[in-house]
Amino acid sequence: MRATASVVLAAVLGALVVAAAALTILAAGGVAVAFLAAVVGAELLAAARDDDLADPVDAEPFRISTPVHLAAMIVAGPWVAALAGVFGVLASRLTAPRPTRDVLASAVSLGVAGLAGGYAY
């Protein structure tokens, strides 16, 4: 299957956001690492909760990790929020395997949304 221009653009944008955000971990120090660990933990809790539900819902408007993303925006800044969004999507893939294309699309969306939301705040 051939990649369209929009898919390639999204992948490049996602890679640039993650690379730039990774450079900010040194500036943010332990705060960034704490938020990344919190978002992974929240996704693991969400997966455990989904396993306990009799009828799990595929599309949720908010995940358990949403407050962590918002807190990362406020406390650590937009770049850490972008990285937290990407880490949350990758952590959710560990617990509930999905196609790679869907995971990358979600990761780019949450990464860019975290960055834009952080700067808007």
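H69 sits in helix α3, which spans residues 66-75. A helix here is a DSSP run of H or I with at least four residues, a strand is a run of E with at least two, and both are numbered from the N terminus. This is a predicted model, in which local features need pLDDT of at least 70, side-chain atom pairs count only at pLDDT 80 or more, and totals for chains, interfaces and linings use all residues. Residues are numbered from 1 along each chain as its sequence is written, and side-chain values use heavy atoms, with hydrogens and water left out.

Back to H69. Is this residue buried or exposed? H69 has a relative accessible area of 12%, so it counts as buried. The cut-offs are under 20% relative accessible area for buried, over 50% for exposed, and partly exposed in between, with a 1.4 Å probe and protein chains only. What does H69 touch, apart from its neighbours within four places in sequence? Its contacts are V39, A81, A84, G85 and L110, where contact means heavy atoms within 4.5 Å.

Now the rest of α3. The buried residues in this helix are T66, V68, H69, A72 and M73. Looking down the axis of α3, these buried residues fall within an arc of 165°, so they line one face of the helix. That arc is taken from the directions from the helix axis to the C-beta atoms. P67, I74 and V75 are exposed, on the other side of α3. Just after the helix, G77 has a positive phi of about 105°.

Next, helix α5. G118 is in this helix, and its relative accessibility is 10%, so G118 is buried. Leaving aside neighbours within four places in sequence, G118 contacts M73 and P78; M73 is one of the buried residues of α3. G118 and W79 are 39 residues apart along the chain, with 7.7 Å between their C-alpha atoms.

A113 is also placed in α5. Its relative accessibility is 42%, which means it counts as partly exposed. From A113 to A81 there are 32 residues in sequence and 8.7 Å in space, C-alpha to C-alpha. A81 is also among the contacts of H69.

A96 is in the loop between α4 and α5, and is partly exposed, with a relative accessible area of 38%. Its C-alpha is 9.9 Å from that of L44, a residue 52 positions away in sequence.

On to the second largest pocket. Its volume is about 280 Å³. A pocket, on a 1 Å grid over the protein atoms alone, is an open set of points where a 1.4 Å probe fits, with protein on both sides within 12 Å along at least five of seven lines; lining residues have an atom within 4 Å of a point. Grid points are joined across faces, edges and corners, and the volume is the space filled by probe spheres set on the points. This pocket is lined by 14 residues, and the closest to its centre are A10, A11, L104, A105 and V108. Helices α1 (5-28), α4 (78-95) and α5 (100-120) each give two or more residues to the lining. Which element gives the largest share? That is α1, with seven residues.

Finally, the whole chain. It has five helices and zero strands. Of its 121 residues, 31% are buried. Among contacts with a separation of 6 or more, 67% join residues 24 or more positions apart.
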